[in-house]
Amino acid sequence: MSEKTNYEAGFGSDATRDPQRIVFITRKTSAKVTGAPGRQLMSYPHVVLREAIVFQILTIVLVSVALLWDAPLEQLADPQLTPNPAKAPWYFLGLQELLHYFPPFVAGILIPSLVVLALVVIPYFNVNVEGAPLWSNARPRRLVVFGVVLAVLLALLGVYRAWTIIVPTVVVGGLVFLSYFIPPGKGRAFEFLRSRALSWWVMTWFIVVAIVLTEVGIYFRGPGWSWVWPWR
Amino acid sequence: MANSLTQRSIQKLRSTRVWRSIFRRGPARTNRSRSLAIFGNLFLHVLPVKVREKSLRVRATYYLGSVCFFLFLILTATGILLMFYYHPAVPQAYRDMKDLRFVVSSGVFLRNLHRLAGHAMVVAVFWHMFHVFFRGGYKPPHEFNWVVGVGLLLLTLFLSYTGYLLPWDQLAFWAITVGTNIISYMPILGRPMRFLLLGGNIIGENALLRFYVLHCVVLPAVAVILIGVHLWRVQKDGGLTVREEHERENQL
Amino acid sequence: MPESDTATSVAGRRAENGGGETDRRDFLNGIAAAALGVTGLGTVVTITKYLSPNVLFEPPTSFRIGPPDDYPVNSVTYIADQQVYVVRTAMGFVAESAICTHLGCITQWKPELDQIACPCHGSRFNRDGTVAQGPAPRPLSHFGIRLTPDGNLLVDRLEILPQTQILKV
């Protein structure tokens with residue numbers, strides 16, 4: 001109310017006796033997407049039609065697979081007999097793999113809570129909104145800082161001997177390191193790597209680690225959570 | 001083609017009083033009636049009346065959000081049908097699973113579809129979240145919608161987890177044993193939370209019933225509310241974001 | 001009549017009335033808020049108590065396991081329906097939980113290894129319940145065990161004994 005904005009005002013008569021609405025039309029009345037508006041289409045029929053097509057394709061695919069692949073059903077639950085190995089649903093197997101390395105509180109409560117907290121906080125961290133590449137500024141200093149952080153992380157993981165996390169971290173960290181040395185103009189793939197922001201690298205690292213942990217939990221763990229090769 | 005018999009019969013039907021009392025907008029041939037088709041409809045008015053053409057391209061969003069929503073609809077429909085034959089009691093639940101597989105018409109298909117859609121839902125929500133991240137769809141003014149999305153992610157995982165126990169086979173029982181024991185490691189609140197969740201100290205009939213109520217009533221109700229908020233906020237925050245590279249193409 | 005309770009108008013009112021009328025309004029608002037808070041808290045507590053069962057139909061927690069002579073010296077006997085190991089050494093009896101202290105899977109006695117092994121994550125325990133290897137954080141719990149007047153052993157799951165305590169028979 002006290003800011004100087006451009007607005008037009010209309011008014012009525014004595015507001016206490018005969019209240020009328022006053023309209024303030026400010027420059028920005030609603031949230032707007034950044035970027036040029038471009039061409040707009042009517043939602044009906046364009047959006048409704050496309051959504052209907054997506055629904056049909058999805059249904060056809062799901063129904064076809066459901067007709068061919070049967071959901072599993074093992075024996076009746078027996079509280080006295082633990083199967084070996086006892087595995088969680090596949091989307092929690094990454095977590096169960098973590099449980100193999102870290103104490104239950106860390107792997108089961110602390111890390112998932114931190115991950116969820118980090119996800120929630122992402123949009124409120126207004127750092128590098130333009131998405132500037134990691135190596136665009138202060139190059140040598142950033143390289144040193146990155147190297148130190150990576151070394152500390154790997155040392156911490158090494159203490160717990162968490163190999164299934166160490167290997168993907170080394171791979172992704174190595175890629176970050178290499179992207180520092182890529183000169184400009186070497187083709188689309190190199191240009192892509194070279195121009196990635198730090199947030200992109202962190203999220204990619206997280207996704208790669210999560211996928212590796214889950215795959216290991218599904219295919220490479222046998223009785224007693226021992227390492228097995230899936231083709232044996 | 002306006003004069004074929006079917007066209008004329010449909011036109012006659014649409015001009016009757018009964019029809020016009022139900023569907024008030026008339027044929028969608030003007031932009032006005034097309035607008036009415038959206039914001040005059042209880043369900044469709046969660047969509048905006050107009051959208052940017054670029055956001056409709058497959059490569060903009062891969063329609064992942066829509067896929068999540070449609071999977072939810074499929075899961076609800078198959079789930080409700082499965083509920084007609086399932087007793088959440090020990091060991092009747094397991095016998096019902098066998099019933100569905102061998103005795104009930106299309107039982108095996110419905111269960112397969114429900115389980116498959118459940119797994120696909122977990123994959124789809126993760127993919128949707130990562131894709132929104134990589135195209136910057138969480139940036140202001142869309143921050144709160146991202147948070148609602150994280151809430152929906154947790155709801156999806158919890159829905160999948162509660163559903164996992166319901167067949168009451170070895171796979172279900174021991175998967176849930178491991179999970180609920182992890183909960184008890186939470187300081188102070190861990191053991192009481194496990195007690196409340198299981199309705200006791202062991203995984204037994206109380207636990208099955210509670211997971212059933214959570215899976216079929218409580219969590220879907222919360223999910224419907226959050227999905228409504230999530231879709232509404234997409235529109236109110238200014239519509240779908242499209243990646244910078246796609247914005248720059250065909251700049252007028 | 002002031003229309004809305006913005007900061008300026010409250011301060012204005014206070015200045016006009018010298019602290020009389022506004023204080024009463026704020027006081028009543030505070031009481032209302034406290035009442036709502038108590039109602040909300042009461043609702044949450046009542047619902048939580050409703051959801052916590054007072055009666056549980058779970059297996060009995062204390063049970064007899066027969067006379068001591070049923071168990072040879074230096075043996076480990078697994079009682080399946082109670083998930084308990086009865087370990088008899090030269091010095092006496094110990095009743096140990098068969099539930100792995102890591103994440104609750106049921107362990108198995110492996111006489112060929114002279115160890116109790118958990119299939120879930122590879123934890124191993126010695127005869128006395130201490131952790132030999134693996135991610136288990138604590139040794140297996142020792143349950144209360146006593147000799148009844150009629151000469152039977154009675155195990156009580158709800159009583160947890162120190163690791164060193166043995167029932168001498």
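# Exercises on a predicted three-chain model

From the N terminus on, the elements of chain A run β-α-α-α-α-α-α-α, where helices (H or I, at least four residues) and strands (E, at least two) are DSSP runs that are numbered from the N terminus. This is a predicted model, in which local features need pLDDT of at least 70, side-chain atom pairs count only at pLDDT 80 or more, and totals for chains, interfaces and linings use all residues. Residues are numbered from 1 along each chain as its sequence is written, while chains are lettered from A and ligands numbered from 1 in the order in which they are written.

## Exercise 1: Chain A

Task: Determine how many helices and strands chain A has, and what percentage of its residues is buried.

Solution. Step 1: the secondary structure of chain A comes to seven helices and one strand. Step 2: a residue is buried if 20 or more other C-beta atoms lie within 10 Å of its own, exposed if 12 or fewer, and partly exposed in between, with C-beta atoms placed from the backbone; by this rule 16% of the 232 residues in chain A are buried. Because Gly174(A) has 11 C-beta neighbours inside 10 Å, it counts as exposed. Step 4: Gly174(A) lies 24 residues from Leu150(A) in sequence, and the two are 9.8 Å apart in space, C-alpha to C-alpha.

## Exercise 2: The form of chain B

Task: Describe the fold pattern of chain B, and compare its radius of gyration with that of a compact globule of 252 residues.

Solution. Step 1: chain B contains 12 helices and one strand, and along the sequence these follow the pattern α-α-α-β-α-α-α-α-α-α-α-α-α. Step 2: the radius of gyration is taken over C-alpha atoms, and the globule rule is 2.2 Å times the number of residues to the power 0.38; a compact globule of 252 residues would have a value near 18 Å, but chain B has 23 Å. Step 3: the C-alpha trace of chain B spans about 65 × 45 × 30 Å along its principal axes. Step 4: of the 252 residues in chain B, 36% are buried.

## Exercise 3: Where chains A and B meet

Task: Find how many residues of each chain take part in the contact between chains A and B, and which helix of chain B gives the largest share of its side.

Solution. Step 1: two residues are in contact if their C-beta atoms, placed from the backbone, lie within 7 Å, and on this basis 69 residues of chain B are in contact with 59 residues of chain A. Step 2: helix 7 of chain B supplies the largest share of the side of chain B that touches chain A, namely 12 residues. Step 3: that side has 45 nonpolar, 10 polar and 14 charged residues, where Ala, Val, Leu, Ile, Met, Phe, Trp, Tyr, Cys and Pro count as nonpolar, Asp, Glu, Lys and Arg as charged, and the others, Gly among them, as polar. Step 4: strand 1 (residues 40-42) of chain A is joined to strand 1 of chain B by three bridges, and the two strands run antiparallel; Met42(A) has Lys50(B) as its bridge partner.

## Exercise 4: Strand 3 of chain C

Task: Explain why strand 3 (residues 84-88) of chain C is described as largely enclosed, and identify the strands with which it pairs.

Solution. Step 1: five of the five residues of strand 3 are buried, so this strand is largely enclosed by the rest of the structure. Step 2: Val84(C), Val86(C) and Arg88(C) point one way, whereas Tyr85(C) and Val87(C) point the other way. In a regular strand the side chains alternate between the two faces of the sheet. Step 3: two strands pair if DSSP finds at least two bridges between them; strand 3 of chain C pairs in the antiparallel sense over five bridges with strand 2 (residues 75-79), and likewise over five bridges with strand 4 (residues 93-97). Step 4: Tyr85(C) stands opposite Tyr78(C), while Val84(C) has Ser97(C) as its bridge partner in strand 4.

## Exercise 5: The nonpolar core

Task: State how many residues the largest nonpolar core has, and which helix gives the most to it.

Solution. Step 1: a nonpolar core is a set of buried Ala, Val, Leu, Ile, Met, Phe, Trp, Tyr and Cys residues joined through C-beta atoms within 7 Å, and the largest has 87 residues, with Leu71(B), Trp168(B) and Ala95(C) among those with the most contacts inside it. Step 2: helix 7 of chain B gives the most to this core, with nine residues.
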